[in-house]
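Thanks for making the time this morning. I would like to walk you through a few side-chain pairs and helix contacts, and I will bring the structure up now.

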Amino acid sequence: METIKSKINERSCAMELRLEHLVKDFSGTKAVNDVSITIQDGKLTGLLGPSGCGKSTTLYLISGLESPTSGRIFFGNRDVTALPPEKRGIGLVFQNYALYPHLTVEQNIAFPLVNHKEGKEEIRRRTLEMARLVQIEDLLKRKPGKLSGGQQQRVAIARALVKRPDILLLDEPLSNLDARLRLEMREEIRRIQTETGVTTVFVTHDQEEAMSITDEIVLMRTGVVQQQCPPQQMYLNPANRFVAGFLGNPPINFFRLDVCGGTVCLAEDYMLRVRGAADGPVLVGIRPEAWRLGQGLRTAAEAVEMRGKDLLVTFSLAGERARAILDITAGVAAGDAVELTLEPRLVYFFDPETGARLDAEVAG
């Protein structure tokens with residue numbers, strides 16, 4: 001597969017993607033608001049966030065389908081801000097695949113090469129090469145209407161890659177597939193990207209997709225980048241309350257409490273010693289997997305849900321509903337008395353007003 005990788009990138013030179021102070025203003029609403037990020041050459045980067053956060057608009061700006069209000073876009077050292085899509089060297093896969101229904105799979109894949117007036121033998125060779133890469137060489141004579149959703153997605157990816165793009169852009173490519181196919185296709189996208197080595201930007205609102213296949217996540221909210229880093233780092237070290245709350249299933253629990261004399265009282269019989277937080281109100285974030293069976297908080301399991309190898313235990317804490325993920329061997333049932341303790345690394349402290357992460361931690 002090294003041959004495919006070298007051919008895909010034969011005209012590329014350290015093709016990192018750089019956005020500098022990018023803004024897109026739609027009649028007074030900034031869908032993208034001063035975004036400055038660098039996406040590394042050869043990496044799969046996810047643009048993640050809720051609906052309306054600006055991730056798809058950012059992708060359209062990169063592709064040239066939208067023009068920025070201000071800011072600049074670089075592919076390597078090449079300023080592509082004012083270039084039309086066809087001159088940027090991109091491959092684009094849309095949410096609905098956008099295949100031509102009257103053409104065969106082979107003709108759909110070959111279409112960009114035919115459009116660029118490549119030679120017949122070259123078209124045939126590269127079309128077969130891409131069909132083998134995405135594992136649809138036995139479907140070349142079929143029309144899109146005779147394909148499953150996953151097969152159509154493979155055709156769309158092959159068509160995007162046959163041009164040997166500098167940058168591959170995927171806009172919510174899995175949202176139209178059922179759960180089983182989504183899992184299969186996200187693994188395929190990771191495989192294809194790894195084998196080709198093409199710099200790839202993947203837009204999704206699904207945190208599990210982004211966490212499972214990307215090298216790095218750019219998490220956005222209302223047009224602003226909240227954090228950019230590898231998935232595990234973002235999960236373990238969220239920059240603010242929004243990041244902590246967006247990542248995680250089941251989600252993190254937040255509690256409005258007070259720091260007093262270096263301690264936070266979670267319950268009458270359970271105090272946390274805190275290092276680095278001034279006395280006063282604080283927002284404490286505790287991930288469900290932070291809890292363990294052990295001496296500490298005495299409570300009762302109000303509800304217990306089996307989740308494969310885990311138990312999701314719901315209980316009350318500081319006047320709020322809290323959740324703990326415990327090993328199924330814990331043998332906890334609804335109504336049982338349980339005693340829990342915390343893993344300090346999965347407890348976070350935030351400013352209750354701004355949501356900014358505080359430089360504080362559980363002591364000991």
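Predicted model: local features only at pLDDT ≥ 70, side-chain atom pairs only at ≥ 80, totals over all residues.

**Salt bridges and helix packing**

Let me begin with Glu184, which forms a salt bridge with Arg180, the closest N and O atoms being 3.6 Å apart; by salt bridge I mean a side-chain nitrogen of Lys or Arg within 4 Å of a carboxyl oxygen of Asp or Glu. Residues are numbered from 1 along each chain as its sequence is written, and side-chain values use heavy atoms, with hydrogens and water left out.

Both Glu184 and Arg180 lie in helix H6, four residues apart, about one turn of the helix; helices (H or I, at least four residues) and strands (E, at least two) are DSSP runs, numbered from the N terminus. Glu184 is partly exposed at 31% relative accessible area, whereas Arg180, at 57%, counts as exposed, where buried means under 20% relative accessible area, exposed over 50%, and partly exposed in between (1.4 Å probe, protein chains only). The two residues also belong to a network of salt bridges that links Arg154, Arg180, Glu184, Glu188, Arg191 and Glu195.

The contact (heavy atoms within 4.5 Å) is made by Gly150, Gln153, Arg154, Ile157 and Leu161 of H5 together with Leu181, Glu184, Met185, Glu188, Ile189, Ile192 and Thr196 of H6. These residues divide into six nonpolar, three polar and three charged, where Ala, Val, Leu, Ile, Met, Phe, Trp, Tyr, Cys and Pro count as nonpolar, Asp, Glu, Lys and Arg as charged, and the others, Gly among them, as polar.

H5 also packs against helix H3 (residues 105–115), and the axes of H3 and H5 (residues 149–161) come within 7 Å and cross at roughly 30°. That makes H3 roughly parallel to H5. Here Val105, Asn108, Ile109 and Pro112 in H3 meet Val155, Ala158 and Arg159 in H5, a set that divides into five nonpolar, one polar and one charged.

Going back to charged pairs, how many salt bridges does a search of the whole structure find? The search finds 22. In one of them, the side chains of Arg78 and Asp166 meet at 3.5 Å, N to O, and this pair links distant parts of the chain, with Arg78 in strand S5 (residues 78–79) and Asp166 in the loop between H5 and strand S7 (167–171), 88 residues apart. Arg78 is partly exposed at 32% relative accessibility, while Asp166 is buried at 3%.

Another salt bridge joins Glu66 to Lys24, with the closest N and O atoms 3.6 Å apart. Of this pair, Glu66 is partly exposed at 26% relative accessibility, and Lys24 is buried, its relative accessible area being 11%.

Notes:
Axes fitted to C-alpha atoms, helices over the stretch in contact; angles between N-to-C directions. Parallel < 35°, antiparallel > 145°, perpendicular 65-115°, else oblique.
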